[in-house]
Amino acid sequence: MMGEEGYVIGVDSGSTYTKGVVMQLDGRIVATDITMTGIRILESANRLYHALLEKAGLSESDIAYVVGTGYGRYQITFGHVQVTEISAHGLAAHYLFPRTHTVLDMGGQDTKAIRINDKGEVIDFAMNDKCAAGTGRFIEAAARALGLDLRQASEIALNARRPVKITSTCTVFAETEVLEHLAAGERLEDILYGAYLGIATRSVGLLRRVGVEPEVTFQGGVSLNKGMVKAVEETLHMKVNTSPLTMYGGAIGAALYGIKRLTGKEEIVMPTADRAPREVESA
Amino acid sequence: MSATAKGRALMSEEAAQYRVPKEYNQAVVLQSQLVRKYFEDVAAAAAKGKKIAYGLVEANPIEILRLFDIPVVYPEVFSLQISYKGGALPLMLAAENEGYSTDCCSYVKSGVAAIPPIGTGQTPLGYVPKPDIAVLTYSGCQIYIHWWEQYHYWTGAKIFTIDIPYVRDYERDHYVPRHDVRYVADQLMNVISQLEQLTGIRYSEEKLREILTYTADAWDHWRMALEMGKRVPTPLDGYFEAIYYMSLITLTRGDKTTADYYRFLVDELQRRAEAGIGPTPEEQFRLVFEGVPNYPYYKDWWSLFKRWNARGVAGTYPKVAGVVDYFRFNPDKPIETIAEYMIHAYCNWNMLMRADLLKYYVDAYKADGVVIHSIKSCRSFSMGQGDFKEYFVGMNIPTLMIESDHVDPRYYSEAQMRNRIDAFFESLALRKGLK
C-alpha cells in the first residue's frame with residue numbers, strides 16, 4: 001500500500017518511556033501510544049508497535065516503514081531505519097509549530113537544545129553531558145523528596161509565591177537541598193517551583209549555546225509539566241509552544257523522517273484540520 | 001510489513017568495520033616494529049647504565065639529546081600506549097591512591113603511576129626505565145612544570161627547564177620576535193653545557209647539523225603525507241591514521257631510519273591514491289578534527305565516524321609536536337632552528353592563530369565540517385574550543401563538539417557519544433543533499 005494511503009510508524013525508545021505514532025503519508029496522525037521502556041527495550045517497542053496497529057485498526061502489511069529513534073533505537077530490530085532523536089525532535093517541532101526555530105527537548109535523562117531551519121532540519125544542537133541535573137530525573141528527585149507524584153508536581157508549582165533558590169548543579173544534592181528547605185519551613189509550592197527554576201536556568205543555558213531564535217517549542221515528556229513550562233517561559237522571557245503532542249515529539253519526528261525518505265517530501269507540517277486541541281492517550 | 005525502504009543506507013556496519021587492504025597498510029606495520037625497537041633500545045641502554053632522559057612531546061629538542069647519546073622516553077607516549085591497549089584504569093586508581101586528584105591530568109597520573117616506585121615500569125610495548133634527567137620544555141601547558149616536579153619527587157631526576165614563550169603576536173601572522181628565539185637558544189646552549197659535563201661528550205655543531213638534516217628530511221615527507229588529505233577523495237585519514245603515523249616523528253626524529261620511514265609512508269599513500277584506496281570504503285564526508293583523541297576506546301570511537309564513511313582530512317593534534325604546515329627545519333642554523341621549532345608547538349600558538357589554522361584546513365582540504373573533541377584532562381588543549389565552535393557555526397561551517405578523555409576510560413559513554421555523532425552526520429547528510 002503506497003502513495004498517500006500508506007502508513008509509517010515512528011517509535012521513540014526513551015530512557016523512561018517508549019512512545020509511538022502511526023502516521024499517514026500525508027502527515028495525518030492516526031494513533032499514538034506510550035509504554036514504560038523497562039529493561040527489555042525490544043520487548044517494550046514490540047508491544048507498543050502492536051498496540052499502535054490495534055489502535056489504528058491496521059495490520060503489519062499496511063505499514064510501509066518503521067523508524068526507530070531514542071537511545072534504544074538500534075535495538076528496535078524490526079525497524080527499517082534509525083534516526084537520532086535530535087533530528088526527530090527538529091522535524092516534529094516544525095510539523096507541530098511551523099514557525100519554530102529553536103527546540104527544547106526535556107526527557108528522562110537528557111535535555112537538548114536544537115536550532116532548526118525553515119524545514120525543521122538541524123543546524124546546531126547542545127545537550128547535557130554525563131549529568132542528569134536539569135532533566136526529568138531532577139524533577140522526579142525533587143517531587144520524591146516532597147512526597148508528590150509527577151502529576152501533582154506539575155500543577156502544584158503553579159501556586160508558588162516566593163520560590164526558593166535551588167543550586168541545580170546535581171540531582172542527588174538537590175534532593176538534600178529540598179529536604180533542608182522543608183525543614184526550614186518553606187512552602188512546598190515554593191520549594192518545587194524553586195527546583196523548576198533551577199532546571200530552567202540550566203536549560204536556558206543550553207538554549208543560549210545554540211542561540212535562541214523564536215519561536216521556541218518545548219518537547220519531550222517534561223513539556224507536559226505545567227509548572228516547568230511556566231519556569232522555562234519565565235527564565236527565557238518568552239512564550240514557548242507546547243501541546244499534548246509535544247511529548248510524542250521523538251516518535252512524530254521519526255515517522256516524519258520515514259515519510260520524507262519514502263516520498264522525497266522536503267517539508268511536512270501538521271494538516272490544518274488536525275490543529276485543534278486534542279486529548280491524547282496517556283499511560 | 002513490506003520492505004519498501006527507499007534511499008541507500010548512509011551508514012553501515014561494513015563501513016564501521018572496514019580495514020585498509022594489507023598491501024596498502026604496510027606503513028602502520030613497519031611503524032609498530034620501529035616503535036617496538038625504540039622501546040627495546042631504550043630499555044637496553046638503561047640496562048647498560050646509560051643516562052635516560054624524560055621529554056615532552058611538545059617542543060622537544062630530541063636532536064640535542066641525540067648528540068649526547070641520551071635516549072629519550074616520552075611519558076605522554078607510553079601513557080597513551082597503555083591507554084590504547086586498555087591498561088589505563090589501574091594506573092588512574094593507583095595514582096589516586098597516592099593522593100592525585102580525580103581532576104588531575106590523566107597523562108600525569110599514568111605517567112607517574114606506571115614507573116617505580118608506584119608502578120613496575122612494564123608497559124604494553126616494553127619496559128620503561130626511570131629518568132636520570134627530565135627535560136622540561138615548558139610550552140603551552142602549565143601542568144608540565146608540576147608533572148616534572150613529580151618525577152623529581154619520586155625518582156630524584158635532575159630537571160632541566162627550558163621556558164618557551166607563547167606566540168602572541170597575531171597581527172603579524174606566525175611572527176616570532178628574534179629576541180624570543182634568542183631567549184630559547186640561550187637556554188639550549190646552557191642545557192648543552194650541562195649535558196657536556198653530565199656525559200663527558202663534547203658539543204659538535206657539525207654533528208648536530210647532520211642529525212638535523214635527517215630531521216628536516218623526515219619533516220618534509222611528514223608534511224607531504226599529511227597534505228595528501230587535500231586530495232578528493234583522500235587516501236589517508238588525516239586524523240585517525242595520522243595519529244598512528246606521528247609516533248616516529250615524535251620518538252625517533254633525527255636518524256636515517258625515521259627519514260626513510262616517512263618516504264615509505266608517502267609512497268604508500270601515493271599507491272593508495274592511484275588505486276583509489278582510502279581509510280573507508282568510500283568517501284561520504286570530509287572532516288577537520290580539533291583536539292586530542294580518545295585513546296582508551298580509539299578504534300570504537302573511530303568506527304563511529306567510519307560507519308558514516310567519514311574521513312578526517314586534516315587535524316590539529318597531529319601537529320602537536322610542531323605545526324608542520326608552517327615550520328621548516330634549517331640545519332644550517334642548528335640551535336636557532338630547534339628554538340623556532342620549539343616555539344611553534346601547536347598549543348604554544350595563540351587562540352586566534354589556532355582558529356585561523358582550522359579555518360585554513362576547512363578551506364584548503366575542502367571539508368564538510370569540523371569535529372572538536374574536548375578532553376577532560378587537558379585544559380591547555382581544550383580551552384577556547386567552545387569559542388572555536390561558535391566561530392565556525394557563525395561562518396555556517398557545521399561543527400560538532402564532543403567530550404571525553406584521552407587516557408582515563410571513565411569519561412567515555414558510547415551511547416552519548418554516538419548520539420551526538422549520528423545527529424551531526426544526519427544534518428550533514430541533509431546539507432549535502434544525501435538521502
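These legends walk through a few close-ups of a predicted model.

Before you start: residues count from 1 along each chain as its sequence is written, while chains are lettered from A and ligands numbered from 1 in the order in which they are written. Local features need pLDDT of at least 70 and side-chain atom pairs count only at pLDDT 80 or more, totals for chains, interfaces and linings use all residues, and side-chain values use heavy atoms, leaving out hydrogens and water.

**View 1. Where chain A meets chain B.** Here 31 residues of chain A touch 27 residues of chain B (contact means heavy atoms within 4.5 Å). About 2600 Å² is buried between the two chains, and carbon and sulfur atoms give 48% of that area. Buried area is the accessible area, taken with a 1.4 Å probe, that two parts lose on being put together, summed over both.

View 2. Helices (H or I, at least four residues) and strands (E, at least two) are DSSP runs, numbered from the N terminus. The residues on this side of chain A split into 15 nonpolar, six polar and 10 charged; Ala, Val, Leu, Ile, Met, Phe, Trp, Tyr, Cys and Pro count as nonpolar, Asp, Glu, Lys and Arg as charged, and the others, Gly among them, as polar.

**View 3. The parallel sheet of chain B.** Four strands line up as β8-β7-β9-β10 in an open sheet of chain B, paired in parallel (strands pair if DSSP finds at least two bridges between them). At the edges sit β8 (310–315) and β10 (399–404) of chain B, each pairing on one side only. From one strand to the next, the twist averages 30°. Five bridges tie β7(B), residues 285–290, to β8(B), and Phe289(B) has Gly315(B) as its bridge partner.

**View 4. A helix across that sheet.** α14 (351–364) of chain B lies across β7, β8 and β9 (369–375) of chain B, at about 165° to β7(B). Axes are lines fitted to C-alpha atoms, for helices over the stretch in contact, with angles from 0 to 180 degrees between N-to-C directions.

**View 5. The mixed sheet of chain A.** Five strands of chain A form an open sheet in the order β8-β7-β6-β9-β10, with mixed pairing. β8 and β10 (240–241) of chain A each have a single partner strand, so one side of each has no neighbour in the sheet. Two bridges join β9(A), residues 216–219, to β10(A), running parallel, and Thr217(A) is partnered with Asn241(A).
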